[in-house]
Amino acid sequence: LVTPCTPCQRPLKYAMLPVVVAALLSEIGSTLRNGLCNKPMSELSFNAIVHGLFNEPGAIRSGDVLDVGARDGSWSCMYACQQPERTVRAVDPSRKLVRTLGSCMKAHRNLRTYVAAVSNASGVLHGKTEGGVGFDMSIQIGDIQQGSAARTDNSNPAHDVAVRTIDSLVEEWNSPLGFAHLDLEGMEALAVSGMRSTLARDRPVFSMELAAHHPAAETLLRLVQSLSYTSYVVQEQCGMRFDCRNVINFPNEHLHNLLDSPTLDLAARYSVIAFVNASNIKKFSRLQPKTVGNAWLCSNKWFCINRFANSVPAELVAQHGPPGLLNERQMVGSFLRAGQKLPGFD
């Protein structure tokens, strides 16, 4: 899916790609240098909310943490560090990406990795390359949904990847699920359809990414609501799409236990989260207007960077911070200043 833009906007937007890549690489490097335990540099509001809920007794029920679409493992490592008493399970169809988690697994013995694609039915995904980047997306979406996949002429049997439902994975692990995060590039509805039994039995809190402006977001939210969950959108951009948002879903019967949650109260008080359903999701396709009482105040168009961290005087960061931290902050600052010039990302 491509963000709509006019011809005059395209050169500037694509000129930003090297800066975006540099920021993402910096995020991975920062995570590795700091003991695989700090939050990634993007989606800070979402990560802070989840971390806060983990630390509130009873907010997230006991059980495993599941990260589906784990990519390089930054979020899985963060969860493993924050919740050493829980087993964290990272699932991704790319063997290369899963292998990058080796260092984190040495530091955090509660982390497990699995090479698999996730959908609403089991099957096999035929790949062209070991990394998984060679999957034909038209084949991937259609065939995973049907639970089978026809081999193409240029696919390689050695790079086949199992397609699993979350229900089948959780049954295999024989352990309740406490929290799950789904980042499946538009296939979240299939994953949720494939975890109905787990949701009905364990009633975990789970989050998912969606494109707020896309019609599929309405379908996904209706599905979640039909499973007796209530959804809240985090008002920050969660990926490369301007309308990408994280949505946190709570079991309806558990909401009364969260009424005095300091984490959720603070987030809602300052408009970081808001109730969302199929009827109002499109209004969140753009970041909400800033107001005097809105501490979100995200001045950039791509990532919501920690505002307290950026308020500390640079000389103190240089004097007392770890090597390279000031350079990283300066790089992010220039990245954001360039991003502010992008039209259509208010």
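**Disulfides and burial in a predicted chain**

In this predicted model, the chain exposes about 15,900 Å², with carbon and sulfur atoms supplying 57% of it.

Colleague: Happy to dig in! How many disulfides does a search of the whole structure find?

Modeller: A pair of cysteine sulfur atoms counts when they lie within 2.5 Å. Cys 77 and Cys 104 have their sulfur atoms 2.3 Å apart, and for Cys 238 and Cys 244 the distance is 2.1 Å. Searching the whole structure gives a total of two.

Colleague: Nice. Which helices hold Cys 77 and Cys 104?

Modeller: These two cysteines form a disulfide that links distant parts of the chain, 27 residues apart. Both Cys 77 and Cys 104 are buried. Cys 77 belongs to helix 4 (residues 74–82), and Cys 104 to helix 6 (residues 102–107).

Colleague: Why is the disulfide of Cys 238 and Cys 244 described by the hand it has?

Modeller: Good one to check from the geometry. The torsion about the S-S bond of Cys 238 and Cys 244 is about -85°. Because of that torsion, the disulfide is left-handed.

Colleague: And Cys 244, is it buried or exposed?

Modeller: Buried means under 20% relative accessible area. Cys 244 has a relative accessible area of 8%, so Cys 244 is buried.

Colleague: Last one: what percentage of the 346 residues in the chain is buried?

Modeller: The chain has 15 helices and eleven strands. Of its contacts with a separation of 6 or more, 71% come from residues 24 or more positions apart. As for buried residues, their share of the 346 is 53%.

Key
Residues are numbered from 1 along each chain as its sequence is written. This is a predicted model: local features need pLDDT of at least 70, side-chain atom pairs count only at pLDDT 80 or more; totals for chains, interfaces and linings use all residues. Side-chain values use heavy atoms; hydrogens and water are left out. Helices (H or I, at least four residues) and strands (E, at least two) are DSSP runs, numbered from the N terminus. Buried means under 20% relative accessible area, exposed over 50%, partly exposed in between (1.4 Å probe, protein chains only). Contact means heavy atoms within 4.5 Å. Accessible areas come from the Shrake-Rupley method with a 1.4 Å probe; for residues, only the protein chains shown count as cover.
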